[in-house]
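Dear colleague,

I am handing over the structure we spoke about, and I would be grateful if you could look through it with the notes below beside you.

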Amino acid sequence: MTRSRTLPRLIVGGAILAIVVAACGGGASQAPATAAPTSAATTAATDAPVDPMQALVDAAKAEGTLTTIALPYDWCNYGGVIEGFKAKYGLAVNELDPNAGSGDEIEAIKANKDNPGPQAPDVIDVGLAFGPSAKAEGLIQPYKVATWDSIPDSAKDADGFWYGDYYGVLSFEVNTAVVSNVPKDWADLLKPEYANQVALAGDPLASNQAIQAVFAASLANGGSLDDASKGLEFFKQLNEAGNFVPVIAKPGTIASGETPITIRWTYNALSNRDSSAASGGPAIEVVVPASGRFAGVYVQAISAYAPHPNAAKLWMEYLYSDEGQNLWLSGYCHPIRYENLIATNAVPADALAKLPDVAGAVFPSLDQLNAAKTLITTEWPNVVGAVVK
Amino acid sequence: MRVRRRPTFAWVGVVPFFLFAIAALGLPVGFLVIGSFQNADGDLTLQNFADLSTGTIPRAFLNSIEISLVTAVGGGFFGFLLAWAVIMGGLPSWIRSAVMTFSGVASNFAGVPLALAFVFTLGNLGLVTKFLFDTFGLSLRQDLGFTLYSKTGIEIVYFYFQFPLMVLIIAPALDGLRREWREASENLGASAFQYWRHVALPILTPSILGTMILLFGNSFGAQATAFQLTGGTIEIATIAIGRQIRGDVLHNPGLGYAMAMGMVVVMSVVITAYTWLQRRSERWLRS
Amino acid sequence: MSGGVQGLGRLGIMASWLKPRPGSEGHRRRRGSLVAWVILIAGVVYFLVPLVATFQFSLRPTPTTLAYTNVLNDPKFSGSLLYSFTVAIITIFASLAIIVPTAFWVRLKVPHLRTAVEFVTLMPFIIPAVILVFGVIRVYSAKPFVFTRTEFGSDALLVATYVVLSFPYMYRAVDTGLAAIDVRSLTEAAQSLGAGWPRIIVRVILPNLRTALLSGAFLTFAIVLGEYTIASFLARNDQFGVYLSLLGQNKAFEPAAVSLISFGLTWLAMIVIALIGRGSRVTVVGAR
């Protein structure tokens, strides 16, 4: 009547293993909490005898790490930006969920109000509409970077709480292995040859990219920045013609041919084109539509509860320096200081040549965006959902 | 002699469980409950619950319930058959281990990878779609009226994690069917059908029902798979919640929390129905 | 006639718990029936075809195995796998430690509390992971708990949250396993031999729950290995699920390779767990 001893052994072994791993992994406790997070803005225009930028760098290095959220590497070359920042200042960057949506970023700030740990984001990159709402909820702190004045007024908060970072234009990413006759404009998408081929890169009720696509279609379909209803009509026609595929388009579905025509920001489409070429995937062509060129802006902000406020400010300085802006540019984004960079010849010619032609792109104002959002989110399920069973 | 009734403290035995549940689930979820009564400014309001009856929210709940019922019952039925086949169907024993371990993995194969796997299989350019067209000239869309991007498509995809879950959970119950009972019933002249009808199924029914409720909950709470597959064009409760709490467009967390409370209510109703069914099935066991 | 069959069934229950459980070979009296083979083949087709389709797609780049080499050559691959394995094992044991005694007690002593317990175990399905993790952070980053400030504290929070996630599966598996054995008689017999509660649970009940425990362990293991949302917001970037999703970000073929590799690795791990679980041959106390 012997009793096997495996189970107790497993328990003890598991516990020991757990303690060992925790000890190894737990070596680095939290970064020393230096000064309590201050929300005093440190502008670069103080008349201190010490170079304020150097003081900021030193303070940031004392904090040692920066926590970011929602920064995918292939989005505007954030991978290059993060590496550049790490290399230049020797700070560690703790990256939280790159797939987080703007709502997640806001919720993360709210949940981590009392938390100086690595779960609390220091900086956020959110859709334009979230800047004012975050400010109203007291979740962000103001900061004006050294190059503040070269940021267009329409793309920043006057008090310095949020500021636009880059923009792109909605384009068609086409898998030319599946689609031989590449569409050139919005109206082309309705043609019967594109049956079951046109897709969005998200859900218009949850994705900035997708809802702006509906707004953009409005411009090309007889609407205007004040009237997004034509965009809804366009997608209704698209769906009824059987051209619309409801799948959320991803590089995988584009490469497989399931969503061979995807409406995405130029920077995402171009970056995917490059990686597809590099890995022997299908040849991809990116088409900026002839009409209905619609630009979308994202904004940066520093969390009011940032555990590393100086690192956050240094990050902003980096992003808005020529170096940071050019790194975004190499990811096919138009950095917000684009006009200024061109005027001061700060952009390398070859990088400039790679940028897509977005002449004539229109920028909606915050009010127009909000009006369009209300309309599209209420009507989209009736327009498209009614046809898809 | 007077019978003294001692107070029973038997419930103390489940205190550790409830303590842990409160600490790890109840307290964190408390914010959800409080949040559902708050609006954007933080004031208390019932508006979120009033909003539950507006827009596409009722349809989202109905769709979720429908899909969950279908995948719970269908998943339970075919999952049971599969479990029966590998445990009691006389197949080689290594097949049982293979199926059990595979079920362990498959039961969690969900979200974007699962959705994409089926896109590659049954999508417009999918493996099976092309095969049917090239070999039989059969177009899924035109001839069979089938598209993966529908409620039916979602259900077919959901089965991928529902079948294995049923297999894994019902396995111990099937193991518990004693060989002697089958032998005894055959000795008494019962056919296989009678054995199942009067011995095996009555014994298994509580476990089957319990597992179906697990399948229902599993399906009810699933989000990423359906979202990737249909891009939100099919309204589902979990997608609706995600839009309010996570997305780039809408941001009404109070409404999201209220919807989550709604899901708790639906689940409670289902649990109540299941408990009632359990009691009735116990009567069947005794009959 | 039906009464006789059931009466025999009940006798069978009483008689057979005394015999040592034969394990999985108890039903091999009949040859493999045709129906069983048909069902199995249908199941195999349904489960394998999507995997084959994914595999086919993952081989499209040039060179053919590029997606796989990109994934497997990544230096953080094995580190995150080890981390998640460890978290998974700890979660399984913690979950068993909470669920088995509870399910046993509910069945034996407090059946009227069954619905309440089931309700609690089913709640993790309904609460979206993102709400749960933000709630956990809110509660446990504020004084007096301050767990999030240390790596160990955050790891502990991760394990605790995963234990909660495993509740539905673990409880249902254990409860089904308990339903299949006669808990009352076993307990009474053990008590009459002088065993206390811990001994009863560990030496009498647990060995009879092997299938159920394995099922629960498989399910928990798979959940932990694949979980992404909670680990990500708790800044546990060593977690395999987080690591995998970072790999597949915005690439066409890597996600397919990643999901197949993850599938294969998890399956391998489960085979190992199954072998360990099978390793101990146990006889039930009181078999004389």
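What follows is a description of the chains, their contacts and the core that they share.

Please keep in mind throughout that this is a predicted model. For chain B the mean pLDDT is 90, and 96% of the residues score at least 70. Within that chain, the element with the highest mean pLDDT is helix α3 (residues 57-88) of chain B, at 96, while helix α12 (residues 253-286) of chain B has the lowest, at 86.

I begin with chain A. Its secondary structure consists of 14 helices and ten strands, and 51% of its 389 residues are buried. The chain is divided into domain 1, made of 52-166 + 297-354, and domain 2, made of 167-295 + 361-385, and the centres of these two domains of chain A, taken over C-alpha atoms, are separated by 27 Å. Where the two meet, domain 1 of chain A contributes 16 residues and domain 2 of chain A contributes 15 residues; on the side of domain 1 of chain A that touches domain 2 of chain A, ten residues are nonpolar, five are polar and one is charged. Of the contacts in chain A between residues at least 6 apart in sequence, 76% join residues at least 24 apart.

Chain B is built from twelve helices and zero strands, and its C-alpha trace spans about 80 × 70 × 30 Å along its principal axes. Buried residues account for 56% of the 287 residues in chain B, and among its contacts between residues at least 6 apart in sequence, 76% join residues at least 24 apart.

Turning to the contacts between chains, 31 residues of chain A are in contact with 28 residues of chain B. The elements that give two or more residues to the chain A side of this contact are α4 (102-111), α6 (208-220), α8 (251-256) and α14 (366-385) of chain A, and by class that side has eleven nonpolar, 14 polar and six charged residues. The contact between chain B and chain C takes 84 residues from chain B and 86 residues from chain C. Helix α1 (residues 15-36) of chain B supplies the largest share of the chain B side, eleven residues, and that side as a whole has 55 nonpolar, 23 polar and six charged residues.

The largest nonpolar core has 299 residues, and those with the most contacts inside it are A:W315, B:A83, B:I170, B:A260, C:V133, C:V174 and C:F221. Both domain 1 (52-166 + 297-354) and domain 2 (167-295 + 361-385) of chain A give residues to this core, so the core lies between them. Leaving aside neighbours within four places in sequence, B:A260 is in contact with B:L32 and B:I241, and also with C:I126, C:I127, C:P128 and C:I131.

With kind regards

Terms used. Residues numbered from 1 in each chain as written. Chains lettered and ligands numbered in written order. Predicted model: local features only at pLDDT ≥ 70, side-chain atom pairs only at ≥ 80, totals over all residues. Domains from an automatic or database assignment. Contact = placed C-beta atoms within 7 Å. Nonpolar A, V, L, I, M, F, W, Y, C, P; charged D, E, K, R; others polar. Helix = DSSP H or I, 4+ residues; strand = E, 2+ residues; numbered from the N terminus. Buried ≥ 20, exposed ≤ 12 C-beta atoms within 10 Å, placed from the backbone. Core = buried A, V, L, I, M, F, W, Y, C linked by C-beta atoms within 7 Å. pLDDT = per-residue confidence, 0-100.
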